[in-house]
Amino acid sequence: MTSEDRSLDGGTAAIAPGSDRAEFDRSSSDRAEWDVIVLGGAAAGENAAQYASQFSGLTSVLVEASLVGGECSYWACMPSKSLLRPVEVVDAANHLSGVAASLADPQAVLARRDEVINRLDDASQVKWATDNGIDVVRGYGRLAGERTIELTAPDGSTRLLHARHAVVVDTGSSPSVPATPGLREALPWTSRDVTNLHEIPRRVVILGGGVVACEAATWLRGLGVAELTVVYRGDGLLTNQEPFAGELVADGLRDSGVQLRPGRTVSAVARPDVRDTGTGLVHGGEVRVTLDDGSVITADEIVVAAGRTPNTGDIGLETVGLPTGGFLDVDDQQTVRGVDGSWLYAIGDVCGKALLTHMGKYQARIAGEVIAARAAGGADPAGAGNTTDLPSATDLPSAAAGHLGLPQVTFTNPEVGSAGMTERRAREAGLDVETVEHDLAALAGTYVLREDYRGRSKLVIDRATDTVVGATFVGTGTAELVHSATVAIVAKVPLSTLWHVVPSYPTVSETWLRLLESLRATRHAAAKG
Ligand SMILES: Cc1cc2nc3c(=O)[nH]c(=O)nc-3n(C[C@H](O)[C@H](O)[C@H](O)COP(=O)(O)OP(=O)(O)OC[C@H]3O[C@@H](n4cnc5c(N)ncnc54)[C@H](O)[C@@H]3O)c2cc1C
Ligand SMILES: NC(=O)c1ccc[n+]([C@@H]2O[C@H](COP(=O)([O-])OP(=O)(O)OC[C@H]3O[C@@H](n4cnc5c(N)ncnc54)[C@H](O)[C@@H]3O)[C@@H](O)[C@H]2O)c1
């Protein structure tokens, strides 16, 4: 299997036969020096090690405290998408005349989720690493000065690991739990519980209106939660998206029977009977959730989906002169700013640029290539901070272009796909923008998908270059449209060229043509005065 074939960050769920974690750990346990040490073995970290070592001859190691593959593989992307897909199929079927479907066996859906997450066994990921010449060391790592990691092994013993060239931090993020009175004491479900649920509570309150909250509300309701309330600050859901995205998702949730409480937050939580039953099991008795308007919701479980905290509080950043607890500030080579010698890199959630697996993996590919290029630059990396012979930043791979594209899909009903900047962000960036929107329900391609199609698309255009800098598509079947927008944005395709990119009939992608036609009409009218 290649890295792209294997589970989690992308692929199959089957556990590869023949891997032997214990044997591998023994073989690497006495080694103390590699060219590259990756702290945190998530999908991004795997890519960093791969790209640093694949064609360079550099040695690399993943230091992983838990499961190789990270959050995405076991407690985030993969379990959540496996829970959402059956809900989407049922909903799509029930909006076509002559077709009827139901989610008849929720336990079977949970069983398939368990297959998708390899039953929390990372043997196939470890095998992929070792097959690719990447070592894996189990344990918790902390920086202990330049190019050095202090490893605390699972048996509690400690030892120092040294990197000849680079250390890459890929320690990810953890759910933030607000300091609301009684909330932490109530042992609320976090993203780990709600993706790895083994019990389906009858009544649930979700705190938050972001991506995790909206997706979790979709699968919990689909799996049979009878009373589901989403409590969120401000007026809208998914506030990082164009406003119509949150509005359409709110409509979809309401239609499915979810109660929305916008503009509210939780002021107190009480759960007299708290039990630490384990991940995905109801954590005790009833929860009384008091909102800031004094109203009280009684539920069987509360889910906190209030953003993420970077895992930088206890990784020894102070030993290299960096502040602890915040996101790591990186340049376009993913090198951490504020550390001399260009040996410390950060990728994934921990650098706070885009908390998405595919963006973390992109950053990892760049970091890996930069490390290999710097290593080939002739400098003696052990010569403490000697960067004089290294390629200059302008000669090195850069993550700047990919961050312009910034694709994201939120797998709600309707799904939300976006790339680049929203109109608000583009204006905040100082661009002179023109926008155009289209009602996706007006397409032949969406009419055949479902009879009551609701959806909208929007382009944000930079007038100075006449290129697309942002695109949003909301509606069934829009997820796969995102890549077309990412290509247009990253490649800075002029609108005059996009006119010749003909979408197939009858597909959702015809919205590109309608958007360009609207723009043409607007510009024609403006030119006529
Ligand atoms: C419910 C949910 C659904 C999501 N769905 C999607 C999606 O569909 N698509 C998408 O693109 N993104 C999705 N995301 C976001 C995605 O999961 C994250 O962006 C991604 O997992 C971040 O990867 P990472 O490389 O930063 O590290 P993580 O996946 O957070 O992993 C970090 C790893 O480092 C290890 N570690 C931490 N500290 C140490 C240490 N000191 N020593 C050794 N090891 C350490 C951890 O054990 C872990 O394995 C979702 C997130 C959530 C919560
Ligand atoms: N399909 C996907 O790509 C996908 C799916 C899930 C998560 N993710 C990623 O994971 C990250 C985390 O998702 P998330 O939903 O936890 O974060 P988010 O930033 O998307 O949303 C956080 C929500 O919590 C609210 N909030 C924050 N602090 C609060 C407080 N003290 N009290 C009340 N409400 C509070 C915010 O107002 C917001 O509604 C996101 O950046 C997202 O990109 C991606």
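**Entry 1: around ligand 1**

I looked up which elements line ligand 1: β2 (60-64), α3 (70-75), α4, β4 (140-143), α7 (191-195) and α10 (357-375) each give at least two residues to its shell. Helices here are DSSP runs of H or I with at least four residues, strands are runs of E with at least two, and both are numbered from the N terminus. I noted that the model is predicted, so local features need pLDDT of at least 70 and side-chain atom pairs count only at pLDDT 80 or more, while totals for chains, interfaces and linings use all residues. Residues are numbered from 1 along each chain as its sequence is written, and chains are lettered from A and ligands numbered from 1 in the order in which they are written.

How many residues surround ligand 1? I got 36, and the closest are Gly40, Gly70, Glu71, Gly172 and Gly348. To be near, a residue needs its C-beta atom, placed from the backbone, within 6 Å of the molecule. By class, I have 15 nonpolar, 16 polar and five charged residues in this shell. (Nonpolar means Ala, Val, Leu, Ile, Met, Phe, Trp, Tyr, Cys and Pro; charged means Asp, Glu, Lys and Arg; the others, Gly among them, are polar.)

**Entry 2: around ligand 2**

Next I checked ligand 2, which has 22 residues around it, with Pro178, Gly208, Gly210, Val212 and Leu355 the closest. The elements giving two or more residues to this shell are α8 (211-223) and β17 (408-410). The largest share, four residues, is from α8. I wrote down 12 nonpolar, seven polar and three charged residues for the shell of ligand 2.

**Entry 3: α4 meets α5**

I then went back to α4 (residues 77-93), whose axis comes within 9 Å of that of α5 (residues 106-116), crossing at roughly 145°. Axes are lines fitted to C-alpha atoms over the stretch in contact, with angles from 0 to 180 degrees between N-to-C directions. Which residues make the contact? From α4 I have Met78, Pro79, Ser82, Leu83 and Pro86, and from α5 Val109, Arg112, Arg113 and Val116. Contact means C-beta atoms, placed from the backbone, within 7 Å. Sorted by class, that is six nonpolar, one polar and two charged residues.

**Entry 4: the whole chain**

Zooming out, I found 16 helices and 21 strands in the protein chain. Its C-alpha atoms fill a box of roughly 65 × 65 × 45 Å along the principal axes. Among contacts between residues at least 6 apart in sequence, 68% join residues at least 24 apart.

How values were computed
Contact = placed C-beta atoms within 7 Å.
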